[in-house]
Amino acid sequence: MRKVLTGNQAVAYGAMLSDVQVVAAYPITPQTTIIEELADMQAEGLADLDYIRVESEHSAMAACIGASMGGVRTFTATCGQGLFLMHEMLHYATGARTPVVLANVNRAIAAPWSIWSDQTDSVSQRETGWIQLYCEGNQEVLDTTIMAFKIAESIRLPAMVILDAFFLSHTSEPIEIPDIEAVRDFLPPYDPGDLWLDPNNPRTFGSLCMPDTYMEFRWQIQRDMERAKQVIDDVQDDFGRVFGRNYRQVEGYRSDDADVVMVVSGTVASTGRDAIDFLRARGEGVGMVKIKTLRPFPSQELVAALRGKKKVAVIDRNFSPGATGVWAQEIRSALYELPEDERPIIYGYIAGLGGRDISIKTIEEIYQKTREADQPDDVDIWIGVNYV
Amino acid sequence: MKYTDRQVHVPLCSVSTTSSLVNKTGTWKSAQPLFIDRVSPCNEQCPAGEDITGYMYLVGQGRYEEAWRLIMEENPFPAIMGRVCFHTCEERCNRTEHDDAVSIHMVERFIGDYGLANSLRITVPAPERKERLAIVGAGPAGLTAAYHLRKMGYGVSIFDSNQKPGGMMRYGIPSYRLPKEVLDGEISRLDEMGVEFKMAVKVGKDVTWDSLDNEFEAVFMGIGAWEETSLGIEGLNKKRIYNALEFLEDINHGKEPKIGKRIAVIGGGNSAIDCARVSRRLGAEATIVYRRSEAEMPAHTEEIEMAREEGVRFLFLASPKAIYGEETVAGVKLEKMALGEMDDSGRRRPVPTGETFDIDCDGMITAIGEATRVGDLPAFTSHRGGVVEADRMGQTTHLRFFAGGDIIDIPHTVTHAIGSGKRAAVAIDRFLRGIENDKDSPDQFTWGESGTINLAWLKGTSLFCRRNPSLEVVDYTDMNPFYFDCLPGVKIKRIPVDERLKGFQEVAEAFSEEEVISEARRCFNCGSCTECGNCCIFCPENSIKRDPDGYGYVADMDFCKGCGICVNECPRGAMTMKLME
């Protein structure tokens, strides 16, 4: 069935098709329409879920952790400031090994207030142990939401589905909605195994650990996050076989024979495809690589995709003050393992913060700067900043 | 399909292998919650010592007989009390700060009527105590003393000069306030309990006080105040001039005194109101003449209001100086008064202005106060102007004689008389058993300033558990009003004025069962644990549990962190925080 859906509706459909059992969320623009849509679905009997009203995002995540510990499939959504308020509980969800799925609509940080798209909220949660899956379009949003449950439940770690504010959240596209029975075959009910709050077997979870045992639990998180790379690939393969739409953690676009490769994430990838076509038509040897996962970080795939390229231009719609854009940091560190003669020069660009448009012209400007400079002017190059 | 080949050697998340109860988190606290039982303002002020919050709780659950028995522990006359008590409890009700006071007296009346309608009985065995006790005066004080002493196992004889028992309740209160069948019904229970009534026997005349002193181990005097205070002006012997007591007594005997068509009633108390309202029922116009203003009237506000509804007129700041008329009263000369300084009663004193005016009338009733007939008291009784000298429990200087009701220094109301009769009963029992001060001294079971004993508390049979009893009175700020919906009180319906003036039909209509339950459920049950469970529900440590041995809850001090949430969430002020040493 095809429907015209906004990105937020696509998230809600994804959660509903996944038979999510508990939703605990707090409204915040531009996320609110996700949980409104789910509330409507519940009211209309489309979704059989318990909806927990909470007084903050911190409580929302706390409630989700509790519900997930109760052994049920659990979902929430937030953005920007709400994600920051959840931060403590995001770490807890990981430590408690609760496979909660969260849809984060990328929203810029206050102050000054902004509600528009910017990845700084989600990249700030890099160290929380959540799987992060960035989406390019609304179809990918819906499909990734379903896959996120399967990935998270397989490795007992929480997962974030990330979409750009307004560019996706409030923009409509025709979407193929999978058949719910097919989704149920793909994603069986959540099985918490032995690790859940069973009233017939009362136990305490997450209790105090002495120094001689704490590291072991953290090590298991790291081990399972490493395994997640394979799990994500397998789930995406499976999804492709069943539903005919294929996703990769690292996807090249006309990059095989390119000298200069642009590395992008989120909606910039869809603009990027047109920009690359436009530049290629002009005879430029340029290609693009889209990254879907920030955590776990797909180092090997990136190394394979960028090995031997002359120049790599990373576009970051986020920024870590005092360092660089986060994608650029990660890519620099991943490519360092290449021998010097195969290691591309990395150009880090900061663009589109606070919802400023990254157009084909912006990408062209970034390409020109990269092509013309033998070395980058700085570790981070800010695009389109007035008054400087 | 399996995505991971994970082999679990250690669990993914730390899991307890033993109970976390090994961590005695309670060792951190510096304060601890304490279950207490505080005094509700209604109970504190009840001159009869009733457990109002207790019977409200029972009535709210439809447990009428238990409610009746709880009242009967303290007061033998709930149906009478629900009608004639001026229910000062309602003025103190914490609910007044929330919405409206609980209509306590209407609930009590319902319970009293329930007892009468269902012929509920208090059964007592034959007297097991050898001492014989005499009660002089079958008014509310004497009947109450007899009731409690009979329950304590004594044989009791009541002497009264009237034909029928009841005293002022029978001869002073008109039947539109207290129907005679209600009075007879409640008093007849004493008969069934084996109290011996010696009616139409005037002690001091038919039998001597000395003979009582010789024949009985103890004597209770409750002979009341039957002498009308005189106006002290000329002409009071003219025809159609009555004093309030004779007038009301005639009415209550079923006589119709010839009073004329325009009556002046002198006085501002409840008797004056009764006389004026009775006059209206006899078809006369009635004007109350009072020397101060309405604000200083001792009469109860509701009584004044009902008198107004019935067409009684009021003439304030006027004091009689002379009476006009040949044989029969024809008018009164009045002096205009002004309000001066405060007097001892806290009311502004009337000051003569010298200016006079006249009113016409063809009947007059004086109702300026009643006193004890000094000649009716035994010679060996020490008294001051008819007010018998007695200690707080009613014991007189002649130690085997106890006193209560209108002859001692307490307000002249039925309720105060009932409280004094109960106090004296306890005092007589302790006197005869030779108990002096001990740990069960009644001083410990008096509710606040009224000095009234709650017998259930004394005997340990209270409805609510009196854990850590405190004499502190609970006020509205001790409540957690979040737990109580605002719900206006049920309005009392009165029969139409033209119906009232046709006869002596009861004015206030009874509440329906639904209305009574609704009112009883509005009660906050201030200061007592009703086992609502909030402390238990809100305790973040699960350290409050039901008391396995009895009533209410206990806090497990091994785990209570002393956060105080339970105290905050207690709706009715039955918990407090105590600092640890």
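This is a predicted model: local features need pLDDT of at least 70, side-chain atom pairs count only at pLDDT 80 or more; totals for chains, interfaces and linings use all residues.

1. Residues are numbered from 1 along each chain as its sequence is written, and chains are lettered from A and ligands numbered from 1 in the order in which they are written.

2. Chain A is assigned domain 1 (2–243) and domain 2 (250–382); the bounds come from an automatic or database domain assignment. Their centres, taken over C-alpha atoms, are 28 Å apart.

3. Between these domains, 28 residues of domain 1 of chain A meet 19 residues of domain 2 of chain A (contact: C-beta atoms, placed from the backbone, within 7 Å). On the domain 1 side, helix 8 of chain A gives the largest share, 5 residues (helices are DSSP runs of H or I, at least four residues, numbered from the N terminus).

4. Where the chains touch, chain A contributes 19 residues and chain B 10 residues. Helix 8 (211–243) of chain A is worth a look here too: its 6 residues are the largest share of the chain A side.

5. Finally, which residues of helix 17 (residues 513–522) of chain B are buried? They are B:V516, B:E519, B:A520 and B:R522 (buried: 20 or more other C-beta atoms within 10 Å of the residue's own, all placed from the backbone). These residues fall within an arc of 155° seen down the axis of helix 17 of chain B, so they line one face of the helix (the arc is that of the directions from the helix axis to the C-beta atoms). Their cover includes helix 2 (52–60) and helix 6 (104–117) of chain B.

How values were computed. Two residues are in contact if their C-beta atoms, placed from the backbone, lie within 7 Å. Helices (H or I, at least four residues) and strands (E, at least two) are DSSP runs, numbered from the N terminus. A residue is buried if 20 or more other C-beta atoms lie within 10 Å of its own, exposed if 12 or fewer, and partly exposed in between; C-beta atoms are placed from the backbone.
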